[in-house]
Amino acid sequence: MKKLLAVLLAGCLALGALAGCGQSGGGNESGAQESTAAESQDGEEPFLIKYAYMTTSVPKDVDLVTEKINEYLEDKINANFEFAILTGDFATQLNLMMSSGEKLDLVCELGTRLPSDAAKNMLLPLNDLLESHGQGILEVAGDYLPATTINGNVYSVPSIRSMSISTGLSIDEAIVKEYNIDVDAIKEPEELTPIFERIKADRPDQALVYSNSTQRSIYDNAFTDFDVLNDGIGVLSKDGLTVVNHFDTDEYEQDLKTIRDWYNKGYILQDNATNEDFLTLHAQGQLIGSFQLTQPGAETSFAQFIGGVPQDTIILTEPMLTTVQVASCATALPINCENPEKTMEFLNLMYTDEYLINLVDWGIEGTHYVKTDVENVIRYPDGVTIDNQGWNYAVGFLFGNQLKSYVLEGDDPDLYEQLAAWNENSAASPALGFTFDSTPVKTEYVAVQNVLAEYKVSLENGALDVDSTLPEFRNALKDAGIEAIIAEKQNQLDKWAAENK
């Protein structure tokens, strides 16, 4: 569980999403929608909405919570609900469900699945449905829909959580105090070097930092301050809509040399790319910091994964709204959805109805949580912990509008006000809404991916000599066809920009 969620957090999903948060209260749909729901109940059987999402195991109280959801939905929109909880290989299982014609009405679109699923005609366009049955979604999430729009069609609705991310270093609070580190004064990764030097002098036999995922690199989690344009193979320049090969830049080379210096001096976990026990090592005090994607509330959420060790965060890059981040956690209607209108009614509630959102996120009041004296803060009932609870699996970021969910005791009661401000104040990439289709260069794309698999993570964790290996890496990328990919991406970006002035 810890390893899976750590990978999710360090990738496109953001760390603070683990905390259930928001405001208490009941539903607030528009009068028009309630009228429509009431009319639809006359003589009709409730429509069953089946929703597929990913977690690590089936919660033991899934039937109990589903029954409670159905009680509410039958009165609200004359619908029933069923979770299709997928464990294991989510992508394979979901593809099988969607291609076999199995009953399915809503699906999680995680990571970068959306362009492929849309191209394969696996998803319904949502434009008309949003206008007719998703007014609440348009009000809450309308500004983010360009990120899930392909060729003019909206194919999924992003969940409302942290919509932007920045890179940072999560560092033990005790270390910050011991070494009198001003976390707000540090703005660039290179400024960490003298701090690491001081700490290492007192801990000569101990590595200090790591990247919070075996799938990502120190570079990705500390130095990336640009729009990766979906895949990092040709990224957005910082001065316009120009696609550049950042692997060929002087800045990339200098960043690698900084990381290599850290590695040679023993600051970085030496087997960072393959070590699967990084969280345990941190919890045991053998590591003191983690490079990772960050946002408001990250300290509290991450501390839960390392045994409650209090954390501070050093933010290293400015947050940015990008297509890959906004669209990385969204909900779509599969092409075989039986009743798109009713399904959209339900999805609309997940962005507007506080009672339903908290029921899905946290379960049943009194059984799975109890309220505290603070209006929007909850805690587990006596005798219940995160390890033995029957419902909450910390995936509230998957469902609708998480900003209307409760805050779990221990998190800042104002966490979601902070996240709302974070989202509002994040700069939008000029390419927000652009999605790259690699089909025209699929041969080169596979070849470049193979080169990246051979070199990238090792170089970006400091394990390889930069002077000798970076030229090899660059030449291998060119031989594999990266220039053709960049040219094609530039062509598509230019076309997209012309159509979306």
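Q: Where is the place of S159?
A: S159 sits in the loop between β6 (157-158) and β7 (166-172). Helices (H or I, at least four residues) and strands (E, at least two) are DSSP runs here, numbered from the N terminus.

Q: Before we go on, what kind of model is this?
A: This is a predicted model, where local features need pLDDT of at least 70 and side-chain atom pairs count only at pLDDT 80 or more, while totals for chains, interfaces and linings use all residues. Residues are numbered from 1 along each chain as its sequence is written, and side-chain values use heavy atoms, with hydrogens and water left out.

Q: Back to S159, is that buried or exposed?
A: S159 counts as buried, at 0% relative accessibility. Buried means under 20% relative accessible area, exposed over 50%, and partly exposed in between (1.4 Å probe, protein chains only).

Q: And which residues is S159 in contact with?
A: Leaving aside neighbours within four places in sequence, S159 is in contact with C329, A330, Y351, F397, L398 and G400. Contact means heavy atoms within 4.5 Å.

Q: OK, L126 next. Where does that one lie?
A: L126 is in the loop between α5 (114-119) and α6 (127-133). L126 is buried too, with a relative accessible area of 0%.

Q: Which residues does W496 touch?
A: Not counting residues up to four places away in sequence, W496 touches P430, A431, L432, G433 and F434. L408 is another matter: 88 residues apart along the chain, W496 and L408 have C-alpha atoms separated by 42 Å.

Q: What's the phi of N78?
A: N78 has a positive phi of about 55°, although N78 is not a glycine. Most residues other than glycine have a negative phi. N78 is found in the loop between α3 (62-77) and β2 (79-86), and at 6% relative accessibility N78 counts as buried.

Q: And what about the phi of N230?
A: N230 has a positive phi of about 80° and is not a glycine either. The loop that holds N230 runs between α10 (218-222) and β9 (235-236).

Q: Let's zoom out. How many helices and strands are there in the protein chain?
A: The secondary structure comes to 20 helices and 18 strands. The radius of gyration is 23 Å, close to the 23 Å that the globule rule gives for 501 residues, so the chain is as compact as a globular protein of that length. That radius is taken over C-alpha atoms, and the rule is 2.2 Å times the number of residues to the power 0.38.

Q: What does the C-alpha trace span along its principal axes?
A: About 75 × 55 × 35 Å. Of the 501 residues, 58% count as buried.
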